[in-house]
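Please open the structure in your viewer and keep the sequence panel beside it. The tour below goes from one selection to the next and says what is there.

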Amino acid sequence: MSNKLAEFIRARREAVTPAMAGLPGGGRRRTPGLRREELAQLCDVSPTWLTWLEQGRPVSASAKMLVRLAQVLQLSAAERAYLFEVADKHDPSHATGEGGGPASAELAAIVSAIDAPAYVLDRAWNAVAWNGAASTLFAGWLQAGEDAPNQLRFMFLDAAARELVVGWPERARRLVAEFRADIGRHADQAPLAGLIAELAQASVEFRQWWGAQQVQGRDGGLRRFQHAQQGLLEFNQVTLHLARQHELKLVMLLPVS
């Protein structure tokens, strides 16, 4: 069983209080969250099985069992998707796309047709296409001639990002949680494992937030930038997954009217 799954279930269990789960909270507790025995009871499994699951032992967790865990642990949509991803199981409520992916020329045409800043990220959050407006906004990241510049490297390793992104600490922390949700069980595979190790070694903030096991969806919303030439800029971020290659994300920053 994946250690990522074990760590995630343990962290989410400790984040759910007895009151949230409809249980009395009586007695002294080492942590405010549910005890293993309580979670096992709510999921109708044995405490031994749950203990082995949280220890990363090779026990089988069915999709039906994961659905129950997601319900009891009150997981968000992003957290539920991550649970099934790291367990290498198909979520019965989630439909997947299929088919071949678009060529690079098609991606370039897509972003060029958008007036607002727009770019396409792959699974490792390398930018594989972007338009002129995005290049102007992210002058320290999206440069002509660059080979797949990485958004996380820019955010954590380039000092310019801390000046450009308004509210950098919160935006950067959320970015890590979104990245974890996005890559799921692939975190141990190349080249993602190398990228994570590189960032964890070079950035104290990334290392701390990655270890926190937070998972959030890429929900969009207001994004603010303090641009060196254009001053304060505000956008609404919208992220769309490409139907024929779901790991690719089209990100658009629509100006706030």
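Begin by selecting Arg-180, which lies in helix 10 (residues 168-183); helices here are DSSP runs of H or I with at least four residues, strands are runs of E with at least two, and both are numbered from the N terminus. What you have open is a predicted model, in which local features need pLDDT of at least 70 and side-chain atom pairs count only at pLDDT 80 or more, while totals for chains, interfaces and linings use all residues. Residues are numbered from 1 along each chain as its sequence is written, and side-chain values use heavy atoms, with hydrogens and water left out.

Arg-180 is buried yet has no salt bridge, and the nearest side chain of opposite charge, Glu-7, is 5.8 Å away. Buried means under 20% relative accessible area, exposed over 50%, and partly exposed in between, with a 1.4 Å probe and protein chains only. A salt bridge requires a side-chain nitrogen of Lys or Arg within 4 Å of a carboxyl oxygen of Asp or Glu, and for charge Lys and Arg count as positive, Asp and Glu as negative, while His and the chain ends are not counted.

Next, select the largest nonpolar core, which has 37 residues, and in which Phe-138, Phe-156 and Phe-179 have the most contacts. Helix 10 gives the most to this core, with 6 residues. A second, separate core of 30 residues includes Leu-42, Val-59, Ala-70 and Phe-84. A nonpolar core is a set of buried Ala, Val, Leu, Ile, Met, Phe, Trp, Tyr and Cys residues joined through side-chain atoms within 4.5 Å.

Now move to helix 2 (residues 36-43), whose buried residues are Glu-38, Leu-39, Ala-40, Leu-42 and Cys-43. Just after helix 2, Asp-44 takes a positive phi of about 60 degrees.

Then select strand 1 (residues 118-121) and strand 2 (residues 127-130), which run antiparallel and are joined by 3 bridges; two strands pair if DSSP finds at least two bridges between them. Val-120 has Ala-129 in strand 2 as its bridge partner. The two strands form a hairpin with 5 residues between them, and Trp-125 in the turn has a positive phi of about 65 degrees.

Finish at Gln-237, found in strand 4 (residues 231-242). Is Gln-237 buried or exposed? Gln-237 counts as buried because its relative accessibility is 9%.
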